[in-house]
Structure formats: structure tokens, C-alpha cells
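Subject: Structure handover

Hi,

Here is the structure for your files. Please open it alongside this note.

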Amino acid sequence: MEAEKKDVLDGLIANLNVLPHDAVDQIARYVSGLKEEYNDIQLIDASILRPLEEESFVGLWSDRSDMTDSPDTIRRMRKG
């Protein structure tokens, strides 16, 4: 992941070097806005998450004979 991020950043820097100063300023303001927008979002460390298959809701309806096609059942329940 870090290598990919470095490649992206290297590409951005190369592109920034050929842009006029006004365009670089515009990009800097945009990035600053993104930083503020995402400032409060905390990244989740994926290593602490359980695999989806281990979540308690997986297989919740496996013993229900009336729900052999759960997406269809949900669609019908939503329609009422």
C-alpha cells in the first residue's frame, strides 16, 4: 500500500511541476478543503476487524425454509 501511495504522490508531483502557479494554488486549496473534510474521520485498522464470515449475522436465516432466497425475501418484505 505504501509503495502504491508513493507512486501516486510521485506522479502528482511530476504533474504539479508542469502546471502554472495559479493551477497549483487551486489544487492546494482543494487539498486543504479535503483535509478539513476528512479531519474527523478516523481510519479503521483492518487488522482488528473480524472476517465477515465470523460476524453473527452471517447465516442468520440459514435454517429458515421460507427464506431460501434471502434477497428475494427482503425485496418482498420491503414491498409489504
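Below is what was found, from the whole chain down to single residues.

First, the ground rules. This is a predicted model, so local features need pLDDT of at least 70 and side-chain atom pairs count only at pLDDT 80 or more, while totals for chains, interfaces and linings use all residues. Residues are numbered from 1 along each chain as its sequence is written, and side-chain values use heavy atoms, with hydrogens and water left out.

Overall fold. The chain has three helices and zero strands. Helices (H or I, at least four residues) and strands (E, at least two) are DSSP runs, numbered from the N terminus. The pattern along the sequence is α-α-α. The radius of gyration is 23 Å, whereas a compact globule of 80 residues would be near 12 Å. That radius is taken over C-alpha atoms, and the globule rule is 2.2 Å times the number of residues to the power 0.38. Along the principal axes, the C-alpha atoms fill a box of roughly 65 × 35 × 25 Å.

Surface. Buried residues make up 2% of the 80. Buried means under 20% relative accessible area, exposed over 50%, and partly exposed in between (1.4 Å probe, protein chains only).

T73. This residue sits in helix 3 (residues 70-79). T73 counts as buried because its relative accessible area is 6%. Beyond its neighbours within four places in sequence, T73 contacts D66 and M67. Contact means heavy atoms within 4.5 Å.

Salt bridges. The count is five. The rule asks for a side-chain nitrogen of Lys or Arg within 4 Å of a carboxyl oxygen of Asp or Glu. One of them joins R50 to E55, with the closest N and O atoms 3.0 Å apart. E55 is partly exposed, at 23% relative accessibility.

D72, R75 and R76 are linked by salt bridges. The D72 to R75 bridge spans 3.8 Å, N to O. D72 to R76 comes in at 3.1 Å, N to O. D72 and R76 are four residues apart in helix 3, so about one helical turn separates them. D72 is partly exposed at 28%. R75 is partly exposed too, at 47%, and R76 likewise at 48%.

Regards
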